[in-house]
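Below is a short report on one protein chain. Look over the sequence and the coordinates before reading on.

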Amino acid sequence: MAVSSYALKDFNGSTAFSTMMFWLSIRGIGLALSPAINVGMVSLPKESTGTASSLGNVIRSVISTFGITLMTNLMRSRNAFHYANLAQNVVMDKPDSLNMLSALQRIGLNAGLGAQGGQILSMSVLYKYVAQ
């Protein structure tokens, strides 16, 4: 289910219907596992139900922990990539950088910081995002 949910991030208006149906079907199979486990638990003898339930809970906890760890590492690596990309592309003589600086300076002026305070604010905000 996690892999199919990750594949959904690439869906857009031009995604083929067959591609959508494939990944949504895989996701549906993942969602159907919980009722399937319940059906399996009903078929166990009563004296084994406690052991099977605790084993299922341990497995579910371990898999959830691995999933959270995997997603955290993925998000951290993507965050580092995007900050490196931002730091590489911010050049003070490009129009985008100049527009950002002037917008931040206007925010500082509107907040009552004055011209010098607006300039300091804009440079510090830009430095904060590029330096990370």
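This is a predicted model: local features need pLDDT of at least 70, side-chain atom pairs count only at pLDDT 80 or more; totals for chains, interfaces and linings use all residues.

Residues are numbered from 1 along each chain as its sequence is written, and side-chain values use heavy atoms, with hydrogens and water left out.

**Overall build**

The protein chain has six helices and zero strands. Its pattern along the sequence is α-α-α-α-α-α. The radius of gyration is 26 Å, well over the 14 Å that the globule rule gives for 132 residues, so the protein chain is more spread out than a compact globule. That radius is taken over C-alpha atoms, and the globule rule is 2.2 Å times the number of residues to the power 0.38. Along the principal axes, the C-alpha atoms fill a box of roughly 80 × 40 × 25 Å. Helices here are DSSP runs of H or I with at least four residues, strands are runs of E with at least two, and both are numbered from the N terminus.

**Contacts and surface**

Of the contacts between residues at least 6 apart in sequence, 29% join residues at least 24 apart. A contact means heavy atoms within 4.5 Å. Buried residues make up 8% of the 132 residues. The accessible surface comes to about 10100 Å² (Shrake-Rupley method, 1.4 Å probe). Carbon and sulfur atoms hold 67% of that surface.

**Charge**

The protein chain carries 9 positive and 4 negative side chains. The centres of the two sets lie 6 Å apart. Lys and Arg count as positive, Asp and Glu as negative; His and the chain ends are not counted. The structure holds one salt bridge (a side-chain nitrogen of Lys or Arg within 4 Å of a carboxyl oxygen of Asp or Glu). It joins the side chains of lysine 9 and aspartate 10, at 2.7 Å from N to O.

Serine 77 is in helix 4, which spans residues 49-89. Leucine 86 is also placed in helix 4. The table gives relative accessible areas; buried is under 20%, exposed over 50%, and partly exposed in between (1.4 Å probe, protein chains only).

| Residue | Relative accessible area | Class |
|---|---|---|
| Lysine 9 | 48% | partly exposed |
| Serine 77 | 40% | partly exposed |
| Leucine 86 | 32% | partly exposed |

Two C-alpha distances complete the report. Serine 77 and glutamine 88 are eleven residues apart in sequence and 16 Å apart in space. Leucine 86 and asparagine 110 are 24 residues apart in sequence and 27 Å apart in space.

Terms used:
The place of a charge is taken as NZ of Lys, CZ of Arg, CG of Asp or CD of Glu.
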